[in-house]
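Below is a short report on a single protein chain. Please look over the sequence and coordinates before reading on.

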Amino acid sequence: MARASIVGAGMTKFGVHERPLPDLFADAAFDAFDDAGVESPEIEALYFGNAMGGMTENDTHLAPTLASHIGCTGVPAQRFEDACATSATAFKHAVEAVESGRHDVVLAGGVERCTPETGLGTGAMTKVFVSAAHRQYEQPAGLTFPGVFALLTKRHMHEYGTTEEHLAEVAVKNHYNGTLNPRAHFGRETSVEKVLDSPIVADPFHLMDCCPFSDGASAVVVASEEAAESFENPVDVAGVGHATDVVPLADKVDLPATQAARDAASQAYDQAGTTADAIDFAEIHDCFTGAEVMATEALGLFEDGGGGPAAAAGRTALDGDVPVNPSGGLKAKGHPLGATGTAQLVELTEQLRGEAGERQLDDPERAVAHNLGGDAATTVVTVMEARR
């Protein structure tokens, strides 16, 4: 039995946008409304994610502002902030709202601007991002997120023999997938040699191992299982797991395990009555190439230590046995923090409907999305299924 269904999905192109947050979000929301065949007055609540608008654009109290902007004045509207897992957390609450019977049809989504269009350069934006690190133990030491995931990945390399070439293969794959996605920030291919020749950011990560700062928005219309029957093309939400791990980084028991992802995946698979073996493809939070490798293992798609060799062998490519990030992932599609989680669900919806264009996979039936926040201490895992 489905917990809920996505009946409409929309997103902007990820990249650089001059438009303010309300206009950007409206583009995604109206796309989702058109896809679902609904009008603004039919939306009963807004579950909305934005992680940094207060710090980057002096723009807070955004939920009612955006609800007004898309013609949903008067409905309950709530903003969520959970670092990079912001809109996946909002989506989880939207699912719970329709599952409980509180509402029948709601909107979940997110918006963010992270590029210099905000008026903040890379240094200033990096300082904003690092506000998600531990205030007492990590921020004073200057530990930014490339450094955080570099530490996790170096430990993974030490324990399992993962190589820089394995990591580079992740970037090559996702950049190729991005060339097939007209909404991707980057639409150009790269090579292992180019990745390894790019400047070092935080060992073992080269510049091309890192996702970009992006602007963009995404949204999905979520309906109860009963209400979804009246829509043309619903895709079912079979499970949503949400778990956290200890912060700061130094207190984690097993760095490369990314334990919150394992716990959230276990919850989502149990709810869906499925296992990792039955997953046809995955959208994964590849903020860095090493993050994708560790996530494929945490989700059970490969055994521990197998993620790097699997990427190098082409198993996670579009024509592999477990395609990962057909959208291009954060690495090529882009990463506007508050929009990333629901953008993954847009990709799952389109793939499971058979509407993903040139990057369409071969008749997938079940998929998983993995969206993490901070140092992987927050993770939301969603399992979705095609309705046959």
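Predicted model: local features only at pLDDT ≥ 70, side-chain atom pairs only at ≥ 80, totals over all residues.

Residues are numbered from 1 along each chain as its sequence is written, and side-chain values use heavy atoms, with hydrogens and water left out.

**Salt bridges**

A search of the whole structure finds 19 salt bridges. The term means a side-chain nitrogen of Lys or Arg within 4 Å of a carboxyl oxygen of Asp or Glu. Buried is under 20% relative accessible area, exposed is over 50%, and partly exposed lies in between (1.4 Å probe, protein chains only).

| R19 and D27 | 2.1 Å | R19, 34%, partly exposed | D27, 29%, partly exposed |

R113 lies in strand β4 (residues 105-113) and E57 in helix α2, so the pair ties together parts that are 56 residues apart in sequence. Helices (H or I, at least four residues) and strands (E, at least two) are DSSP runs, numbered from the N terminus.

**Around Q351**

Q351 sits in helix α14 (residues 337-353). Its relative accessibility is 0%, so Q351 counts as buried. Which residues does Q351 contact, leaving aside its neighbours within four places in sequence? They are F281, P326, A356, R359, Q360, L361 and P364. Contact means heavy atoms within 4.5 Å.

**An enclosed helix**

Helix α11 (residues 289-298) has 10 of its 10 residues buried, so it is largely enclosed by the rest of the structure. Among the buried residues are E292 and E297. Just after α11, G300 takes a positive phi of about 85 degrees.

Two cis peptide bonds deserve a check. One joins D203 and P204, with omega about 15 degrees. P204 is in the loop between β5 (200-202) and β6 (205-206). Another joins V247 and P248, where omega is also about 15 degrees. P248 falls in the loop between β8 (235-244) and α10 (259-272).

T258 is in that loop too, between β8 and α10. T258 has a positive phi of about 40 degrees although it is not a glycine. Is T258 buried or exposed? T258 is buried, at 10% relative accessible area. N58, also not a glycine, has a positive phi of about 50 degrees. N58 lies in the loop between α2 (53-57) and α3 (62-69). At 72% relative accessibility, N58 is exposed.

**H134**

H134 is placed in the loop between α5 (122-129) and α6 (145-160). H134 is buried, with a relative accessible area of 17%. Beyond its neighbours within four places in sequence, H134 contacts Q139, P140, V247 and P248. V247 and P248 are the residues joined by a cis peptide bond.
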